Amino acid sequence: MDVIRRSHLRRAAWAARDDGRKLSDMRTHATSRKVIIVEGKTDKSRILKVLREEVDVVCTQGTLSYEQVENDIVPLQHDEVYILVDADAAGNRLRKQLKRELPNAIDLYTRKSYREVARTPLEHLAKILADAHFEIDEQWLQVRPPRRERVPKTVHG
């Protein structure tokens with residue numbers, strides 16, 4: 001966070017404290033833009049299915065060229081950035097590269113058993129994003145009834 005933005009937020013916090021408002025209510029569009037970085041188009045479409053708020057989703061296509069970093073990633077330094085990539089070696093390499101460019105980005109993880117964001121069930125994606133304070137479509141957060149356990153039959157003799 002640069003010095004100008006930090007001082008702006010500090011002044012906003014004091015102003016908010018003086019008249020009872022929360023700083024989170026005072027954020028401007030420029031300081032509150034949320035961005036999620038994913039690997040592919042399928043990942044993007046699945047994330048957009050569960051979200052209920054306006055969020056920019058950036059696709060890297062699995063790799064980052066120098067031009068992509070300069071044109072797409074560096075401009076995100078002042079935004080609220082989240083990284084959600086596949087739970088595999090390529091995803092880990094991409095995450096490390098993104099963290100070098102955006103050290104304040106927040107890491108979101110899918111389960112290793114799903115391996116890919118594209119294969120992660122929508123209910124689980126919704127939970128990941130809800131835990132990161134995104135607004136989620138309620139249908140994906142509904143509690144499913146628990147599975148009924150089978151009771152072993154007893155033999156009466």
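This is a predicted model: local features need pLDDT of at least 70, side-chain atom pairs count only at pLDDT 80 or more; totals for chains, interfaces and linings use all residues.
Begin by selecting helix α5, residues 66-73, and colour Gln68, Val69 and Ile73, which are buried. Where do the buried residues of α5 fall when the helix is seen down its axis? Turn the view until you look along that axis, and you will find them within an arc of 100 degrees, so they line one face of the helix.

Next, keep α5 in view and select Tyr66, Glu67 and Asn71, the exposed residues carried on the face turned away from the buried side.

Now leave the helix and select arginine 115, which sits in the loop between β4 (106-108) and α7 (122-131). Its phi is near 65 degrees, a positive value in a residue that is not glycine, whereas most residues other than glycine have a negative phi. Is arginine 115 buried or partly exposed? With a relative accessible area of 46%, arginine 115 is partly exposed.

Finally, move on to the segment after α7, where histidine 133 is found. Histidine 133 also has a positive phi, of about 70 degrees, although it is not a glycine. When you show its surface, bear in mind that histidine 133 counts as exposed, because its relative accessibility is 66% and the cut-off for exposed is over 50%.

Terms used: Residues are numbered from 1 along each chain as its sequence is written. Side-chain values use heavy atoms; hydrogens and water are left out. Helices (H or I, at least four residues) and strands (E, at least two) are DSSP runs, numbered from the N terminus. Buried means under 20% relative accessible area, exposed over 50%, partly exposed in between (1.4 Å probe, protein chains only). The arc is that of the directions from the helix axis to the C-beta atoms.
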